[in-house]
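Subject: Structure handover

Hello,

Here is the structure for you to look over.

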Amino acid sequence: MDWLTAENLIAVVTALLGVLVSTGAVWYERRVPHQRRIGYRVQLDTAIGNATANGAGVVAGAVTGPGAAVRRGFFNTSPDLADATLVLLRIENDGALAIGAEHYTDGDDHGLTVEFPGRRVKAVVVTAPDHPRLLSHFPDSWQGPAEGAATLLLPKVPLNRGAHYKLLVLLAGGPIGSPVSVDGNIAEGHVHVNHSTTPDDKPPVFSRAARTVTVVLTVCVVALAAIIVRERTPPPIGCATGTLTVTGSTAFAPVVRELAKKYEKDCPGSTVHVDAHGSTAGIRELAAAGAGAGAGAKAAKGSPAVVALSDGRKPGGYPQLRESMVAVSLFSLVLNDGIPLDDLTLDQVRRIYRGEITNWGQLVPGVDQPVLLISRDANSGTREVFQRRVLGRNELANSSLNCETLDDPASKVIRCELDSTEQVLSTVARLPGAIGYTELRSGSGLKGLHRVAVDGRRPVVEEIGESSYPYREIEYAYTWGQPPADSLTSSFLAYLIRGSGQDVILTHGHLPCSTPKGLRICGDG
């Protein structure tokens, strides 16, 4: 029950509350019937006379009282308007359903009754600026107010959801602010007073219940965001502290650098240095570290904190080194973009590297460009695999220091040796006529060069073991003897071979030996 923490319990309760509120909202939406509603509100009630019933008037030319008004023109010359008031009444459908004429059920030819207690209706104006078609339901036959009546009978006006019209009513005989009521019977609905913050506000989009649900769900989401329950991935088996050096293959170095950062993040207190100088150089460095540790105080620990990666098996003469198969790596020939070739036969590759083809015009008619062989030094595992798997022999001797001019007059072709895969790639991209070799993914995204197929076969990870593509090899990790189980060396190797390393290895274009397909291919050597 490791998950049973206070934080997780709070998060689970919050999530359940959110689910219950959502379920309740759906239930309410489906089970509680929608109602038809007509809402009304007084948007204006003001005096236009000087003798309104609330006691306001004009005294010695001064305007006094809460209902006082300054009158000019028609209002001032009409004696019937001495105690007049104006009321602006808004009537609207603020329910969930449309209202038709058939939904008014009073039984008479009118739909709603407006009452102005204590006041007499003098005149009325109906407006519907947003819904002018509603005015057609106030025909000439509609007489409006009866003379001196305190009520106003309205026709059965169909109202779609949100539709409204307004009544501007001229009244006499009553104080401003006296109650105004609208009454009527609506099938499966009712008439009620509604409210708005400003005179022309539209009815709220969401009901109070909807707003409450929204607020509760928002609180739930905020609470879950504040208490993020993450599935904590356990640290790698035997997570260890200390310092480890990983050396060897430059082709596999991008994989190891990414894994080193991940391991240091997952295992606080550990430091993994990646110092790649080539497979053979890495094997020698490991052997030297092992010999030094065996002669000193570290001998009790059994193994130095060094791992050497090699493209292919180690050279002979290092019996103390223990190997672990990591992945199947693919390699590729790369050619400067100035040479319009993307496929070479295996025989053509061998002839190029024997110095028998010295100008690309021998393969591409019309092209006059000397062949430049950009190779790796003798410490390179990538070169050793190329010689063994592709050429079937060693490369020619080095004949150039700058890869551009011939320093050995006896040599037929310019060939230079570089220290790393990165140097090979940049040089091939820069020099016209240059050809070299690299680990598969290292040649991706570079401008100025392209990969070359061999006998029509291209390096594809998914086709490893099924294709006859020759330029591939198993990547090995070497340690000095068997490192202690609780050491950083053992922990990082497990991380590389069986842990998170598998995903990183695949991302970089290699096939992990620990996968079912990788086990079969690595087992076959």
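Below are the findings, sorted by topic.

This is a predicted model, so local features need pLDDT of at least 70 and side-chain atom pairs count only at pLDDT 80 or more, while totals for chains, interfaces and linings use all residues. Residues are numbered from 1 along each chain as its sequence is written, and side-chain values use heavy atoms, with hydrogens and water left out.

**Helix H9**

Helix H9 covers residues 488-497. Helices (H or I, at least four residues) and strands (E, at least two) are DSSP runs, numbered from the N terminus. In H9, 9 of the 10 residues are buried, so the rest of the structure largely encloses this helix. Buried means under 20% relative accessible area, exposed means over 50%, and partly exposed is in between (1.4 Å probe, protein chains only). The buried set is Leu488, Thr489, Ser490, Ser491, Phe492, Leu493, Tyr495, Leu496 and Ile497.

**Cavity**

There is 1 cavity of 30 Å³ or more. The search ran on a 1 Å grid over the protein atoms alone; a cavity is a set of points where a 1.4 Å probe fits but cannot get out, and lining residues have an atom within 4 Å of a point. Grid points are joined across faces, edges and corners, and the volume is the space filled by probe spheres set on the points. The largest cavity has a volume of about 50 Å³. Its lining consists of Leu330, Arg458, Val460, Glu463, Ile464, Gly465, Ser467, Tyr469 and Arg472. By class, that lining has 4 nonpolar, 2 polar and 3 charged residues. Here Ala, Val, Leu, Ile, Met, Phe, Trp, Tyr, Cys and Pro count as nonpolar, Asp, Glu, Lys and Arg as charged, and the others, Gly among them, as polar.

Leucine 44 sits in strand S1 (residues 36-47). Leucine 44 is partly exposed, at 35% relative accessibility. Together with Val125 and Leu168, Leu44 forms a nonpolar surface patch with about 210 Å² of accessible area. Patches take residues with over 30% relative accessible area and no salt bridge; like charges are joined within 9 Å, nonpolar side chains (Val, Leu, Ile, Met, Phe, Trp, Tyr) within 5 Å. The areas come from the Shrake-Rupley method with a 1.4 Å probe; for residues, only the protein chains shown count as cover.

Aspartate 45 is also in strand S1. Its side chain meets that of arginine 119 in a salt bridge (3.1 Å, N to O). Arginine 119 lies in the loop between strand S5 (112-115) and strand S6 (120-127), so the pair ties together parts that are 74 residues apart in sequence. Arginine 119 is buried at 2%. Aspartate 45 is partly exposed at 21%.

**Other salt bridges**

The structure holds 17 salt bridges. The criterion is a side-chain nitrogen of Lys or Arg within 4 Å of a carboxyl oxygen of Asp or Glu. Glutamate 92 and arginine 90 form one of them (2.9 Å, N to O). Glutamate 92 is buried at 0%, and arginine 90 is buried at 3%. Arginine 354 and glutamate 356 also form a salt bridge (2.9 Å, N to O). Arginine 354 is partly exposed at 29%, and glutamate 356 is partly exposed at 41%. Salt bridges with shared partners also join Arg383, Glu395, Arg415 and Glu417 into one network.

**Loops to look at**

Glutamate 188 is not a glycine, yet has a positive phi of about 55 degrees. Glutamate 188 lies in the loop between strand S9 (181-183) and strand S10 (189-193). This residue is exposed, at 61%.

Cysteine 403 also has a positive phi, about 70 degrees, without being a glycine. Its loop runs between helix H7 (381-391) and strand S17 (414-418). Cysteine 403 is buried at 3%.

Aspartate 455 is in the loop between strand S19 (449-454) and strand S20 (472-480). Aspartate 455 is partly exposed at 46%.

Glycine 100 lies in the loop between strand S4 (84-93) and S5. Glycine 100 is buried at 13%.

Best regards

Definitions and conventions
On a 1 Å grid over the protein atoms alone, a cavity is a set of points where a 1.4 Å probe fits but cannot get out, and a pocket is an open set with protein on both sides within 12 Å along at least five of seven lines; lining residues have an atom within 4 Å of a point.
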